[in-house]
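Keep the model open beside you as you read.

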Amino acid sequence: MRQAGTGTGGAAVAVVVPVAVPLLLLLLLARSPPAAAGDSQKSDARLVSEQFSQAPQKLAFYSWYGSARLFHFRVPPDTVLLRWLLQVSRGSGPTCTNVEITVYFRYGAPPVINPLGTSFPDNTSVQPSFFLKMLHSNASINISHPAPGDWFVAAHLPPSSHKIEVKGFVPTCAYIFQPDMLVVRVVEVSILEPDVPLPQTLLSHPSYLKVFVPEYTQELRLELQGCASNGSLGCPVRLTVGSATLPGNFQKVLTCSGPTQACHLLLPSPPWDRWLQVTAKSLAGPRVSVAFSAVAALTACRPWSVNFQHLLQSSPNQSSNASTGLLPPTPSYQDLDRTGRVGGGSFCLRSFPVLREDVDVVSVRFQPLDRVSVLVQSDMPSVMRLNLNTGMDSGGSLTISMRVNKTAIANTSVVACVTAASPLLSFNASLSCTTAFFQGHPLSLSASSPTANLIIPYPETDNWYLSLQLMCPERPEECEQALVLVETTLNLVPCLNDCGPYGQCLLLRRHGYLYAGCSCKAGWRGWSCTDNSTAQTAAQQKAAALLLTLSNLVFLAPIAISVHRSLLVEASVYAYTMFFSTFYHACDQPGEAVLCILNYDTLQYCDFLGSGVSIWVTVLCMARLKAALKYVLFLLGALVFAMSLQLDRRAAWNTMGPCLFAIVVMVTMWVYRCGRRRHCYPPSWQRWVFYLLPGISMAAVAITIYTSMMTSDNYYYTHSIWHMLLAGSAAFLLPPREQHTKPWACSQKLTCHYEICKNHRDELYTVT
């Protein structure tokens, strides 16, 4: 059972019926590479195949973005076919069942997913994800003419049940996912030079062409001239321009099937500074030749750049870089007339150099070099280039904020468009924000709405452009002399608003690639922890904090009993546990009800250590060992707990192992005393009924709650019950004091504040 879903462009993708992946690989690699267009059974010598793989990962049930397993691949240039081979394996235990696995694909950045159906922050632009749902089976998916560069695959299991499982206590099923990438690329590609006809003849195989689009190209025109099929007029040719991307596919397809000898395709704002793939396929029957000449015509765009002579005088030690035009310094604004001409040359955009300042990991600040505000007019768009093509910028969120003075645009408006690869150079009345191969993100400013914000999670690796232009739809003459300054704030941040007060921004890593995600608390959900549909109220948060912290006061009971029975070491351990458990849970709370006296990780470690050692000393104290042996075991147990918790503090057996050893020691000593005294130990039935059985029952209930009943929703009261049951069981299970020992510790106090502690066996007095 498989299901594929996408927003747009599904035509370029084909899902193949699952087969055995090893067999599929052998079949694909054993035979010659197939013809990419599938119009002939003969192999094409121009095609070669390559395979790429990554280490498999264990899938997890989805609760936040960190639950998804990310894979990062690079598709080489001139690839005509990309095939993903998806392999899933699972364990053989009784808990292993068929579960639905969701696999996402995206070009340029990690996929933006939303399996829980939560809301995104306001002003967030999210495209529908392309995904594939599959059960425990293998599958493959084909993509024709994929875009070269970074491709990402993410996979996860269904949403989790929010049950808190103790690691290693309950057997779990491992689902292992591994994608392999098989590419078929062209080794012989014809170069289509501008304004130079390139003769081509199609017979059984398609023609693979490519044309380089330089920076500041305003328009690309592709034309087929002199097209003839077997000597007769007509042009049965399908021309595919561009590369396929996911989730959106904006390839252009030109079908020339009429009787004319020429047909053309016009591409406004093509992607700059890159090769553009062109594939020509014959629509005629087999053994029918089609001849034509391909012509590419480029319309150059001359930018007017802000004077940047001061850049040449900047310090060579400055680490920031500026995205400026490659042209020499251009005239100042005063030399530019209303027609956009200076010295006889026309301009099509106003380019503002942008300073890129790297702040931290996946954290960048962009700002114009000359001023905070950007000059916007109606004659041509003002363009700012944001350099996000380092390969490490796609793991954050691009935030764009614009503001304008209300009085400056009383009867006008400012329209903006955010695009990748190339800017929008022609604004129209419909405010369409689309370039040749990219659907942009529109924005607008007016007197009624003087601010505009945009958030783009996980922007694609590319140069991004912000284009702005002044519009007067009702009175165009008012725009001729109008000039508006727009303040811009451009940033790349790991997490929006640092995930807010109810979330934590975590930096995730897949090999050398870093990306960020929000882990939410207190019932808050969403991409940036802004969805409060299941959030706890402030009263619930305070109640949870009070329950988790004040429930530790029950440890006062075993502390008092230990001191009364002269068990001072045990009392110290209980006091340690009460102190650090209280402040750990005070620090573990989200929102305003939080108090951290130490580092969070330190408090957590001390809390786990105190809980384990408390159980250890309680059980060994019940064994009634000799004092020297008991304290040696106390110390050794504490050291073992410290080591095991440092290895993995959440593993169940790191705590249960030493505790089971202590129980074995206790049972051994009790059996030894039973055999030696010829009657049950402890001998008193009152001890069993009123102390041991209640204490053991409380401990059993506490373990049951801790291992099988806790969820993220009921954690604050189930864990509080765990605190009280643990402390209560210790109070009941502590053995009575020795008959010759007086209550409340010391037998005598001297005026000099030294205490004389008596050893009743040796009748010796030692000054301490």
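C495 has a relative accessibility of 7%, so it counts as buried; buried here means under 20% relative accessible area, exposed means over 50%, and partly exposed is in between, using a 1.4 Å probe and protein chains only. This is a predicted model, so local features need pLDDT of at least 70 and side-chain atom pairs count only at pLDDT 80 or more, while totals for chains, interfaces and linings use all residues. Residues are numbered from 1 along each chain as its sequence is written, and side-chain values use heavy atoms, with hydrogens and water left out.

What is C495 bonded to? Its disulfide partner is C505, with 2.1 Å from S to S; a disulfide is a pair of cysteine sulfur atoms within 2.5 Å. C495 sits in the loop between β37 (484-493) and β38 (503-510), while C505 is in strand β38, so the bond ties together parts that are 10 residues apart in sequence. Strands and helices here are DSSP runs numbered from the N terminus: E of at least two residues for strands, H or I of at least four for helices. The torsion about the S-S bond of C495 and C505 is about 75°, so this disulfide is right-handed. C505 counts as partly exposed because its relative accessibility is 24%.

UniProt positions follow the numbering used here, feature names are shortened, and annotations may be inferred rather than shown by experiment. In the model, residues 491-530 are 0% helix and 48% strand, with the end C-alpha atoms 20 Å apart.

Back to the cysteines: the count comes to 8 disulfides. One of them joins C301 to C348, with an S to S distance of 1.4 Å. C301 is in the loop between β22 (290-300) and β23 (303-305), and C348 is in the loop between β26 (345-346) and β27 (349-352), so to speak distant parts of the chain, 47 residues apart. Both C301 and C348 are buried, and their link is right-handed, with 90° about the S-S bond. Another disulfide connects C417 and C433, at 1.7 Å from S to S, and it is right-handed too, with 85° about the bond. Here strand β33 (residues 413-420) holds C417, and the loop between β33 and β34 (441-445) holds C433, 16 residues apart. C417 is buried at 0% relative accessible area, and C433 is buried at 4%.

C674 is partly exposed, with a relative accessible area of 25%.

Now for the charges. The whole structure has 14 salt bridges, each one a side-chain nitrogen of Lys or Arg within 4 Å of a carboxyl oxygen of Asp or Glu. One of them pairs D462 with R274 at 2.6 Å, N to O. D462 belongs to strand β36 (residues 462-471) and R274 to strand β21 (residues 274-282), 188 residues apart. D462 is buried at 9% relative accessibility, whereas R274 is partly exposed at 26%.

D393 and R356 form another salt bridge, with their closest N and O atoms 3.0 Å apart. D393 is in the loop between β31 and β32 (397-404) and R356 is in strand β28 (residues 354-360), so the bridge ties together parts 37 residues apart in sequence. D393 counts as buried at 3% relative accessibility, and R356 does at 4%. D358 joins R356 and D393 in a network of salt bridges.

Strand β21 turns up again in an open sheet of 5 strands, ordered β13-β15-β21-β18-β19 with mixed pairing; two strands pair if DSSP finds at least two bridges between them. β13 (190-191) and β19 (252-256) are the edge strands, each pairing on one side only. β13 runs parallel to β15 (residues 207-213), over 2 bridges, and I191 has K210 in β15 as its bridge partner.

Finally, the helical part. Among the stretches that the unreviewed UniProt entry annotates as "transmembrane region" are residues 543-561 and 688-709. Residues 543-561 are 74% helix and 0% strand, and residues 688-709 are 95% helix and 0% strand.
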